[in-house]
Amino acid sequence: MSSIYSGDITKKNFINFVWPSIAMMLVIALKYNIDSILVANMLGEVQLAAVGIAYPVQGLMWGVSVMLASGSSALVAIKMGEGDTPGANRGFSTVCLLSILIGFIFLFVTMIFMDHIVSFLGAEGELAYHVKEFLRIFAWGFPAAFIGLIFEYFIRVDGRPAYTLVLYFSGAVAHVIVAVVCMGKFDMGMAGDAWGNVVGLYVTMIVGGAYFIFAKTRLKLCKFRTNWRFIGHCFVNGSSEMVSESAAGICMFFFNLIVIKLAGATGVAAVNVVLNIHYFVISIYLGYIMGIAPLISYFYGAKEYKKVDRIIGYSKVFIVVASILSAIAFLVFAGIIVQLFERPGSELYELSVQGVKCLAPAVLIGGINVFASGFFTAYGNGMISAVISASRALIMVIVGMYLLSWLWGMDGIWHTLTFAEAMTLGLTFTMFGKYKSRYKYNFGIGRL
């Protein structure tokens with residue numbers, strides 16, 4: 001395991017441990033952005049809207065998989081910190097099998113109820129055709145997505161976060177190459193984009209599995225008896241991450257319903273562009289908390305509370321700097337960023353630029369909310385984590401989009417995320433204060 005677990009936490013070993021997780025999340029976000037860029041430039045505006053319409057299905061799948069992966073990895077990391085290696089191995093083995101089973105359930109349900117799902121998503125005519133074309137193939141990647149995500153989280157717990165970057169970079173490269181070839185050379189349309197996604201997911205799964213088969217690891221697969229209490233705790237503890245991931249899909253569903261009435265398929269495509277860009281920046285915070293979560297869990301289990309305070313000190317600086325730089329980038333370079341998706345002069349371009357500029361205050365205050373959600377998950381307190389996630393990523397987003405769109409139309413839609421983050425901020429600081437004594441952390445401690 002990395003020396004950061006057994007030695008002092010210094011700036012150097014902290015950065016070395018955390019940066020691969022941030023880079024990995026940026027690779028994932030970049031993959032999604034490149035996917036949308038390719039669809040927009042190679043297929044067109046309607047197909048880009050179809051990707052947005054289909055996203056709720058992906059969001060639900062990623063939500064359940066992240067819930068299992070994040071919840072179980074925190075519990076296993078705590079066991080490792082306590083010195084219970086056999087218990088950690090049994091937990092790891094349990095979730096590996098469970099993730100595969102759930103992945104196949106998602107596959108079968110999607111294929112059986114395809115027409116009902118597409119109708120529920122609100123797609124009609126040409127849009128419905130492209131959504132089905134995409135989902136019929138993408139669904140075959142669900143099992144790989146589930147087990148691949150388990151491998152990624154547990155490789156980090158095992159103390160090798162840099163390998164997760166290899167994991168997702170290889171999957172992203174495979175995804176882009178296959179999508180470009182299928183959509184370009186073979187003119188397969190949305191089916192080509194779907195095949196790119198599926199191949200990328202299976203490459204990620206294979207590379208992750210290779211780590212546990214060939215590398216020298218602390219975590220190992222072993223025989224186990226089904227522990228329903230552990231499984232239940234995994235789902236509860238990871239519920240906040242499920243809220244965060246699934247909320248994106250649920251909110252996209254409601255965005256689509258509202259925006260298609262306000263601005264048609266062009267508006268739906270613009271929302272897809274803006275939310276992809278927002279996800280790219282939020283991925284910085286997600287990667288950061290993913291990187292430090294195993295450390296917090298381990299040191300909490302080992303009762304080394306001063307090391308947690310040192311991590312908190314680094315985190316305050318990181319969040320402030322990243323938030324300010326992100327907000328400035330959105331205000332100053334919105335037009336340049338949107339040009340990756342659409343050429344200047346079109347309605348889609350103008351709508352998207354307006355939306356990106358309106359994201360600046362959202363990313364300025366959103367980082368602390370994302371950090372808080374992952375922070376409480378690391379302590380095994382999935383309930384509080386879920387409350388924070390539900391507020392910022394689901395409840396207040398839905399309230400905001402209906403209220404603000406009623407007041408200001410599309411202008412209100414673009415301010416929805418800022419509304420949600422602002423409404424959650426008070427809750428975040430309240431929870432930090434309430435649980436300070438229980439978990440023995442101190443946000444005033446942590447020299448840099």
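Trainee: In which helix does Ile102 lie, and is Ile102 buried or exposed?
Mentor: In this predicted model, Ile102 lies in helix α3, residues 85-112. The cut-off for a buried residue is under 20% relative accessible area. Ile102 has 13% relative accessibility and therefore counts as buried.

Trainee: Which residues is Ile102 in contact with, leaving aside its neighbours within four places in sequence?
Mentor: Ile102 and Phe142 are 40 residues apart in sequence, yet their C-alpha atoms are 8.8 Å apart in space. With the neighbours within four places in sequence set aside, the residues in contact with Ile102 are Val64, Leu68, Phe146 and Phe235.

Trainee: How many helices and strands does the chain have, and what is its radius of gyration?
Mentor: The chain has 17 helices and zero strands. For 448 residues the globule rule gives 22 Å, and the chain comes close to this, so it is as compact as a globular protein of that length; its radius of gyration is 21 Å.

Trainee: What percentage of the contacts with a separation of 6 or more is accounted for by residues 24 or more positions apart?
Mentor: Some context comes from burial: buried residues make up 60% of the 448 residues in the chain. Along the principal axes, the C-alpha atoms fill a box of roughly 60 × 45 × 35 Å. Among contacts with a separation of 6 or more, the share of residues 24 or more positions apart is 82%.

Trainee: What covers the buried residues of α7?
Mentor: Helix α7 runs over residues 161-185 and reaches 36 Å from its first C-alpha to its last, close to the 36 Å expected for its 25 residues. Its buried residues include Leu165, Tyr168, His175 and Met183. The cover over the buried residues of α7 includes α1 (11-42), α6 (142-157) and α8 (190-214).

Trainee: Which residue just after α7 takes a positive phi?
Mentor: Most residues other than glycine have a negative phi. Just after α7, a positive phi of about 50° is taken by Asp187.

Trainee: Where is Lys303 found, and is Lys303 buried or exposed?
Mentor: Lys303 is not a glycine, although its phi is positive at about 60°. The residue is found in the loop between α10 (239-301) and α11. Exposed means over 50% relative accessible area. With a relative accessible area of 59%, Lys303 is therefore exposed.

Trainee: What is the relative accessibility of Lys440?
Mentor: Lys440 is found in the segment after α17 (436-439). Its phi is near 60°, a positive value in a residue other than glycine. Lys440 counts as partly exposed because its relative accessibility is 45%.

Trainee: Which helix gives the largest share of the nonpolar patch?
Mentor: The nonpolar patch on the surface is formed by Val320, Ile324, Ile328, Leu331, Val332, Phe333, Ile336 and Leu364, with about 750 Å² of accessible area together. Leu364 has its place in helix α13, residues 360-378, and is partly exposed with a relative accessible area of 43%. The largest share, seven residues, comes from helix α11.

Trainee: How many Å apart in space are Val399 and Ala420, C-alpha to C-alpha?
Mentor: Val399 has its place in helix α14, residues 382-408. At 40% relative accessibility, Val399 counts as partly exposed. Val399 and Ala420 are 21 residues apart in sequence, and their C-alpha distance is 8.3 Å.

How values were computed:
Residues are numbered from 1 along each chain as its sequence is written. This is a predicted model: local features need pLDDT of at least 70, side-chain atom pairs count only at pLDDT 80 or more; totals for chains, interfaces and linings use all residues. Side-chain values use heavy atoms; hydrogens and water are left out. Patches are made of residues with over 30% relative accessible area and no salt bridge: like charges are joined within 9 Å, nonpolar side chains (Val, Leu, Ile, Met, Phe, Trp, Tyr) within 5 Å. Accessible areas come from the Shrake-Rupley method with a 1.4 Å probe; for residues, only the protein chains shown count as cover. A salt bridge is a side-chain nitrogen of Lys or Arg within 4 Å of a carboxyl oxygen of Asp or Glu. Helices (H or I, at least four residues) and strands (E, at least two) are DSSP runs, numbered from the N terminus. Buried means under 20% relative accessible area, exposed over 50%, partly exposed in between (1.4 Å probe, protein chains only). The expected span of a helix is 1.5 Å times one less than its number of residues. Contact means heavy atoms within 4.5 Å. The radius of gyration is taken over C-alpha atoms; the globule rule is 2.2 Å times the number of residues to the power 0.38.
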